[in-house]
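Hi,

As promised, here is the structure I said I would pass on to you.

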Amino acid sequence: MTTIKEKAKDFTKVDRRDGKLALAHIYVAFIALFIGGLCGLLQVLVRSGKFTLPWGIGYYQILTVHGVLLGLILTTYFILGFQIAAMSRTSGTFTDKQRLLGWIGFWVMTTGTVAAATMVLLNEASVLYTFYAPLQAHWIFYVGMALVVVGSWIVGIAQIMKYNEWRKAHPGESSPLLSFMVVVNMAMWIICSLGVAVEVVFQLIPWSLGWVDKVDVLLSRTLFWYFGHPLVYFWLLPAYMVWYVVIPKIIGGKIFSDALARLSFMLFLLFSIPVGFHHQLTEPGIESFWKFLQVILTMMVVIPSLLTAFSMFATFELRGRQLGGKGLFGWVKKLPWQDARFTVPFIGMAAFIPAGAGGIINASHQMNQLIHNTIWVTGHFHLTVATTVVLTFFGASYWLLPHLTGRVLTKQMNKLAIIQAIVWTVGMSIMSGAMHIVGLMGAPRRSDFSTYGGAEQATDWIPYQIAQAVGGTILFVGIILILYIVVNLLFFAPKGETEFPVGEVSENAEKTPMWLENWKIWLTICIALILFAYTVPVIDMIQNAPPGSKGYKFW
Ligand code: HAS
């Protein structure tokens, strides 16, 4: 019989069967990265005006593939795979029932992905990743997207069940930090994706099947953004899990404060949902008071990121000084810069400083008028999700994949991983930098190459679009490099043991108060805030609904 101590020891290695489930998700994520990245390359080439797509392929068709595969599929699959491994590592092996649920969710999502992708490839759904009405896709695309969401709920429920089981077995104890973080992320995801599920099931599917003629565009966009902003935190929080819990262990330090980490995650649960109007600040039909209120709440959701920045700086400085770093910045030199598991996510953190500042500009009601619908916004999200989040996911892959496959990251692969991150940084700085600048000059986003009838202003944009193509091409080299490393880690790297690093909390940290894990309090405040921010404006939208729009296909 295994003792409790032995059982706890077992948790340091993810069970092989849970690992298989996690890996299945991660395979899909990296396939999506390849196809989505290839479409990204084609896009920047088309926008430079120097390249035309062959075989009648449309610009908006590849833009849809790019957005759906990278924004929705790569992220969701990687996150769920990572979280399965994280739960299994910190709360113990999944039961057969929980693992079966995980597999059911995986196949529901994958069926949905294939259905939606097929419609886009057949050019029946070039509606971009936001699938805004009144652009109308084939109904199979919407059903496919709904299945992706439902599948993700099923996988998420398996993770929540594991957490509940742990808590029942350990009454009065704080749950493992990583498991707690996973559950916050899933709670946020389930609450927010109800909005897009309602939009798809009650508005878009009946409309695309022809059961109703018209769709209420404002309501559909509101439901989308009720989901769309927390969606970005669903991407960000797993990166924060790596920063808070894994990075301290990699650098040989300690987690600065368990309580601060939990508070920051709970603040995300509260403030990431009732803020969708900051994507609709230029939209008519929403009273400015409600926009203003949601702008204030948006500024509140910046606070947990500032807490995170503080916590990370503290972790780095404490460790650097422990290793003998002197003076104001002497500790920086002591950090393990040769270790890709640290350096790659660190570049992601550094990128989040300008990326976050850009977000605060976007959210500022007046400044939003300047940048809304310009390619500045595309620059913003390539710094946030495509640099901060993605580089952290790459950094995590360098220990997660070999941990799951029973292999090791060799010295050469470690070096290549650092080169990959440098290539990515150079490519992204050029591409995203050009997007930010030309966005301020008025260049639109979601636009094929166009001279706008020879308008002088559009001529000024062209050099920046060429710079985007240069940056985008370098980024594609980065994609080839990461895929090379991933294939190596999955199939060819030498066999061996790799640790799934989980940090310990600093002995100087305050004890974590139990109220931080009181779900009744937090979920009640979360729902109250959502009702406060959305009830009146949504009732207003429904009572004073515009006549609605028929569907359009502009491609
Ligand atoms: Fe955003 C649009 C506002 C964060 C993604 N955002 C988008 C879109 C995407 C996106 C995809 O208010 C486009 C959607 C579309 O297709 O239309 N965003 C914000 C704000 C934040 C923010 C206020 N966004 C993100 C994150 C994303 C993301 C994170 C993905 C992961 N965003 C907006 C707004 C729009 C928008 C408007 C709509 C614009 C429009 O009009 O269409 C905040 O959460 C940002 C807070 C972040 C910080 C940074 C903290 C820094 C840290 C790093 C510490 C570094 C260390 C390393 C320790 C305050 C934590 C030290 C290193 C050294 C070198 C010193």
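Predicted model: local features only at pLDDT ≥ 70, side-chain atom pairs only at ≥ 80, totals over all residues.

**Salt bridges**

Asp15 has a charged partner: it forms a salt bridge with Arg17, and the closest N and O atoms of the two are 3.0 Å apart. Arg17 counts as partly exposed, at 40% relative accessibility. The structure holds 13 salt bridges, and I picked out a few others for you.

One of them joins the side chains of Glu517 and Arg167, with 3.7 Å from N to O. This pair links distant parts of the chain, as the two residues are 350 residues apart. Glu517 sits in the loop between α14 (456–492) and α15 (519–543), while Arg167 belongs to helix α5 (residues 139–169). How do the two compare in accessibility? Glu517 is buried because its relative accessible area is 3%, under the 20% cut-off. Arg167, with a relative accessible area of 28%, is partly exposed.

Another salt bridge is formed by Arg262 and Asp258, whose closest N and O atoms are 2.7 Å apart. Here both partners lie in helix α8 (residues 258–271), four residues apart, which is about one turn of the helix. Arg262 and Asp258 are both buried.

**The loop between α14 and α15**

The loop that holds Glu517 is also the place of Ser506. Ser506 counts as buried, at 12% relative accessibility. What does Ser506 touch, if residues up to four places away in sequence are not counted? The residues are Lys254, Ile255 and Phe256.

**The ligand and its iron**

Which protein residue is the donor to the iron atom of the ligand? The single donor from the protein is His380, through NE2, 2.2 Å away. His380 lies in helix α12 (residues 375–405).

There are 38 residues around the ligand, and Tyr129, Tyr233, His372, His380 and Arg445 come nearest. For Tyr233, a polar side-chain atom lies 2.6 Å from an oxygen atom of the ligand. For Arg445, an N or O atom in the side chain is 2.7 Å from an oxygen atom of the ligand. Ala363 takes part through its backbone instead, with an N or O atom 3.1 Å from an oxygen atom of the ligand.

Which helix gives the most to the shell around the ligand? That is α10, with 10 residues. The helices α7 (217–250), α9 (288–322), α10 (340–363) and α12 each supply at least two residues of the shell. By class, the shell is made up of 24 nonpolar, 12 polar and two charged residues.

**Backbone geometry**

The peptide bond from Ala133 to Pro134 is cis, with omega near 10°. Pro134 is found in the loop between α4 (96–121) and α5, and α5 is also the helix of Arg167.

Where does Arg446 lie? Arg446 is in the loop between α13 (411–440) and α14, and its phi is near 50°, a positive value in a residue other than glycine. Arg446 is partly exposed, with a relative accessible area of 24%. The loop between α13 and α14 is the place of Tyr452 as well. Tyr452 has a positive phi of about 50° although it is not a glycine. Tyr452 is partly exposed too, with a relative accessible area of 40%.

Best wishes

Terms used. Residues numbered from 1 in each chain as written. Heavy atoms only, no water. Salt bridge = Lys/Arg side-chain N within 4 Å of Asp/Glu carboxyl O. Buried < 20%, exposed > 50% of the residue type's maximum accessible area, 1.4 Å probe, protein only. Donors = N, O, S within 2.8 Å, 3.2 Å for Na, K, Ca; no water. Contact = heavy atoms within 4.5 Å. Near = heavy atom within 4 Å. Polar contact = N/O pair within 3.5 Å; in protein donor to acceptor, adjacent residues only side chain to side chain. Nonpolar A, V, L, I, M, F, W, Y, C, P; charged D, E, K, R; others polar.
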